[in-house]
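This report describes selected features of a single protein chain, from its sheet and helices to a few individual residues. Please keep the sequence and the model in view while reading.

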Amino acid sequence: MCVSCGSRAAQRERQLLQHRRQQLLQSAALMHGYVQDVQTARRQAVDRYIAQLPVDQKIAQLFLINIEGNTVYRPVETVHDLYRRSSVPLPDGYTGREPLLPGGVLFFSYNIADTPEQEMQYIDSVYEASARSRAVPPFVCVDQEGGVVNRLRSLNGILPSSRRVADYLTDEQAEQLYRLQGIQLRALGFHLNLAPVTEVSKPSNEQFLGTRSYGDRERTLRYSRAAVRGYSSSGIGTVLKHFPGNTNTDPHTGLPEITWTDDELASDVIAVFKKLALWNPAGVLMSHARVKGYDDQVPACLSSYWVTRMLRQTVEYNGIVFSDDIFMEALQKNGYTQQKSIVMALEAGVNCIMLSEKRFAPFAAILLDLYTSDASFAEKVDDAVRRLVSWKLQCGILKLKNDVGTARSAAGETGMVQVVPVPPEEVSARLERFRSAKDQNNKLWAAYGA
């Protein structure tokens, strides 16, 4: 081949490569623009949906409560229970007999049925109740850490404590274990797991945390990441807990007082939660502890310093912020009544209030009065509801009725935006997945665990 021919061939090759590169860049730009358009349209659709919600349903979204029984769900409160305690009159069109449903329901051991089928049917009845009342369906969550905190031990496959998982499994094996647990949780009907515990074990907290902690900083990061990835891959949201930490004082009985150096705070708390936040856990649960030298007169879950400045701004966490149980003695014995704590928590930036009780109307009434009289407080409530509804759309509890995968339809140009519940899948299909995952779960632990 002559030199000139080779030169022309090389030039054509360069031109072809440049053309292909330009095509790829244009395609990427178009896709990026499309994704941004859809995301913007979805946000606008959520905003319009929230604007259409009755105020009582907005307020109800802020509560995560316990419920009765393990066979058929029956709401224990009505909107009358809310409005009769409030200065806001019952709206036109209401009878007062409409059920008052919370934003989320938390299952304890007595909410666990005898068989997987019965548990599925019980959880499905929660959604049947919300459908009948045309309310926003609650998310269903549970404390499924493993070891001593294992609500589903009678149904699910083996789930060892965090410490034993870190002792016996590699990161990859732990992620697979949590993925299989997540498949079982999702098949039963759960959406959210109040786990993992992402607190680094120290002499100052190891008596309280025990085997609930994975151990030192490096193990806490590795195995917490495995838990978040494993559960997320199976459709279960995770909640990192407890930010910013605990001591050996059990918050169920007293108020933890944390003493850290600046270096400990930076490396064992802020850095750990910041790295794990990159994996998009559904939530972070605040602790009731006070921290010496850092807004040390106020429990963290009630402190704007810890919720907004440290968690939102420094850790850069954008998901749902949960309070720990407002009924714990850590608050009650130190001048923070439930009524006072709920308002302080929301003012601080908490999005969802946990109550270990089955009735929340008395507390919701306080928030209803504030919502209708304080524009700044109403803005905080709307922001919390936006985060909660957006997550319910993300995890499949809700869907946009007219969403067919385009920015135009997501924007609601074809009519009024409606967000509707997603009906539960048939029990038989879920049961098959549950049994398969449970079998794999037990085999994995038998092969690699102790």
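Helices (H or I, at least four residues) and strands (E, at least two) are DSSP runs, numbered from the N terminus. The model is a predicted one, in which local features need pLDDT of at least 70 and side-chain atom pairs count only at pLDDT 80 or more, while totals for chains, interfaces and linings use all residues. Residues are numbered from 1 along each chain as its sequence is written, and side-chain values use heavy atoms, with hydrogens and water left out.

**Backbone features in loops**

D295 is placed in the loop between β10 (290-291) and α10 (304-314), and its phi is near 45°, a positive value in a residue other than glycine. With a relative accessibility of 32%, D295 counts as partly exposed, a class that lies between buried (under 20% relative accessible area) and exposed (over 50%), as calculated with a 1.4 Å probe on protein chains only. E316, in the loop between α10 and β11 (320-322), is likewise a residue other than glycine with a positive phi, here near 65°.

| Cis peptide bond | Omega | Loop of the proline |
|---|---|---|
| A195 to P196 | about 5° | between β6 (192-193) and α7 (206-209) |
| F243 to P244 | near 5° | between β7 (237-243) and β8 (257-258) |

**The sheet**

An open sheet of 8 strands runs in the order β11-β9-β7-β6-β3-β2-β1-β12, with parallel pairing, where two strands pair if DSSP finds at least two bridges between them. Because β11 and β12 stand at the edges and have a single partner strand each, one side of each is left without a neighbour in the sheet. Within this order, β1 pairs with β2 (residues 104-107) in the parallel sense over 3 bridges, and N66 has L106 of β2 as its bridge partner. Helix α9 (residues 262-277) lies across β7 and β9 (283-286) and runs at about 170° to β7; here axes are lines fitted to C-alpha atoms, for helices over the stretch in contact, and angles run from 0 to 180 degrees between N-to-C directions.

**Helix α13 and its surroundings**

Helix α13 (residues 361-373) has 13 residues and reaches 18 Å from its first C-alpha to its last, close to the expected 18 Å, a span defined as 1.5 Å times one less than the number of residues. Its buried residues are A361, F363, A364, A365, L367, L368 and Y371. The elements that cover them include α2 (55-60), β1 (63-66), α3 (79-83), α12 (338-348), β12 (353-355) and α14 (375-394), contact meaning heavy atoms within 4.5 Å.

Which residues does D369 touch, not counting those up to four places away in sequence? D369, which belongs to helix α13 and is partly exposed with a relative accessible area of 23%, touches R85, S86, S87 and V88. The side chains of D369 and S86 are joined by a polar contact of 2.6 Å, that is, a pair of N or O atoms within 3.5 Å of which, within protein, one must be able to donate a hydrogen and the other to accept it, residues adjacent in sequence counting only if both atoms are side-chain atoms. D369 and Q173, by contrast, are 196 residues apart in sequence and 50 Å apart in space, C-alpha to C-alpha.

D382 lies in helix α14 and, at 17% relative accessibility, counts as buried. Leaving aside neighbours within four places in sequence, D382 is in contact with K58 and Y371.
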